[in-house]
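Please view the sequence and the model alongside the text.

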Amino acid sequence: MKRSRINEIMSQADDMIRSFGFSLPPFAYWSPSEFQARKSAASALIDARCGWDITDYGAGDFDQMGLFLFTLRNGRLADLQRGRGMCYAEKLLVSRQYQLSPMHTHIEKAEDIINRGGATLVIELFGSDNKGGFCADRGGQVLCDGIFRDFHAGEKLKLAPGESVTLMPGDWHAFWGEGGDVLIGEVSTVNDDIHDNIFRAPIGRFANVEEDVDPLHLLVSDYALLLK
């Protein structure tokens, strides 16, 4: 993805988030040079990979297959492993109309996916085999707003604003907006986007960035390279 396109998506997403009464934290608006100057004080944010995250999954067509995310807070894997401490994470996402977030699951992460506003959020669901792999003919069970619901393989769950679903490790899912763009909340256990996204197709989690202009704000995928 061109950096100019990433900058544009950041601005558009920020406008959408504000339109629903949400505000991003102050560090969201730091310039790259300010982040560099404050990297020692911001080490917890950097280590937790909090911040802007825009991906086309390496496929090169963000409008068709992509996702905007902002990680607001993220706990520590060590805390999760010992069962106490900061074991949670929170994100805001924007899924555009018919923009696919492709089929995937998580090994460790449980997550609530919440339609915070906009159009309908469609989530396509499949169960997993005995080894956690994608299973095209297996359904399962999820919680929808705290109520147990069985789903069959390939069922398309439709969430209106305010509705949510709880997905557990091994619940394979893809999602997109229907009828317009959707602001999504994600509340989960500790988030590890480097190791804990298992895609059905052989795709990547992060975009390949072409530096045609300077970054407006850093992506989480920039931290390791630009905040040494």
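A charge sits over a ring if NZ of Lys or CZ of Arg is within 6 Å of the ring centre and within 35 degrees of the ring normal. In this predicted model, the charged end of Arg205 meets that rule over the ring of Phe206, 4.8 Å from its centre. Because the model is predicted, local features need pLDDT of at least 70 and side-chain atom pairs count only at pLDDT 80 or more, while totals for chains, interfaces and linings use all residues. Residues are numbered from 1 along each chain as its sequence is written, and side-chain values use heavy atoms, with hydrogens and water left out.

**Aromatic rings**

- Rings of Phe, Tyr and Trp (its six-membered ring) pair if their centres lie within 6.5 Å; planes under 30 degrees apart count as stacked, over 60 as edge-to-face and the rest as tilted.
- The count by this rule is 9 aromatic pairs.
- Phe27 and Trp30 form an edge-to-face pair, at 6.4 Å centre to centre and 70 degrees between the planes.
- Trp30 and Phe35 are also edge-to-face, because their ring centres are 5.0 Å apart and their planes lie at 80 degrees.
- One aromatic cluster comprises Phe27, Trp30, Phe35, Trp52, Phe68, Phe70 and Tyr223.

- Buried means under 20% relative accessible area, exposed over 50%, and partly exposed in between (1.4 Å probe, protein chains only).
- Phe27 and Trp30 are both buried.
- Trp30 counts as buried because its relative accessibility is 12%, and Phe35 is buried at 3%.

**Gly179**

- Gly179 is exposed, with a relative accessible area of 59%.
- Gly179 touches Gln97, Tyr98 and Ala119 (heavy atoms within 4.5 Å), not counting residues up to four places away in sequence.
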